[in-house]
Amino acid sequence: MRIKSAVGITAALVLALAGCGSGEGTEDSGPSRPAPKVVALGPFVGECGHVTDDEVRNLGGLGRISGVFRNAVGCNWQSAGIGSPSITFASYRGSPIERERAWVSVEGRAPDPIKVGGRDGFAALDPTRTICDLAVQLGDDFFEWSTNIGSYGSVTGNPCDRSRALAELTLQRIQ
């Protein structure tokens, strides 16, 4: 009895499956998705933008560096003390610079279009004139130098000038 039941069930399944895949009358079930965009990678900006700790200290005006943090996409240099200066480098592969421009705008930093080494980008200075995010487009990639001159006036001047000097150094070394 079990064999007859198994044969009957198998036959029913075969007939049911045969009716599903005839191949005739196939119509699209809806609009197809566009093919994903494959972007060409821009130039490799190297670890920490090809800039040394000493160059960051000197160009960024950090004085003594108390902490350096590195990972696969960026670096951060900290001066000693609460509210002290810091500098961050980040590299973004296949990421639109417009997303970063929108983020700095939300943070209250108005991005101004700039050119660095002949490449488009933006510099965004916060209203207190202590933080500057400077991003440079590299094809479908971009990199950013962010300089915070600190809260207590140990570093003076426009932090965008410091970010720009570091960005120029990065561009010189990737070309």
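Colleague: Which residue of S2 stands opposite Ile 65?

Modeller: Strands here are DSSP runs of E with at least two residues, helices are runs of H or I with at least four, and both are numbered from the N terminus; two strands pair if DSSP finds at least two bridges between them. In this case Ile 65 stands opposite Ser 79 in S2, and strand S1 (residues 65-70) pairs with S2 in the antiparallel sense over 5 bridges, forming a hairpin with 3 residues between the two strands. This is a predicted model, in which local features need pLDDT of at least 70 and side-chain atom pairs count only at pLDDT 80 or more, while totals for chains, interfaces and linings use all residues. Residues are numbered from 1 along each chain as its sequence is written, and side-chain values use heavy atoms, with hydrogens and water left out.

Colleague: In what sense do S2 and S3 pair, and over how many bridges?

Modeller: S2 and S3 are antiparallel and share 5 bridges, with Gln 78 opposite Ser 86 in S3. Their hairpin has 6 residues between the strands, and Gly 81 there takes a positive phi near 105°.

Colleague: How should I read burial, and why is strand S2 described as largely enclosed?

Modeller: Buried means under 20% relative accessible area, exposed means over 50%, and partly exposed lies in between, with a 1.4 Å probe and protein chains only. Because 5 of the 6 residues of S2 (residues 74-79) are buried, this strand is largely enclosed by the rest of the structure.

Colleague: Is Phe 89 buried or exposed?

Modeller: Phe 89, which lies in strand S3, has 1% relative accessibility and therefore counts as buried. Taking contact as heavy atoms within 4.5 Å, and leaving aside residues up to four places away in sequence, Phe 89 touches several residues, including Val 45, Cys 75, Trp 77 and Phe 143. Phe 89 and Trp 77 are 12 residues apart in sequence, and their C-alpha atoms are 8.9 Å apart in space.

Colleague: What span does helix H4 reach, and which elements cover its buried residues?

Modeller: The expected span is 1.5 Å times one less than the number of residues. Helix H4 (residues 159-174), with 16 residues, reaches 23 Å from its first C-alpha to its last, close to the expected 22 Å. Its buried residues include Leu 166, Leu 169 and Ile 174, and among the elements covering the buried residues of H4 are helix H2 (53-60) and strand S3 (86-92).
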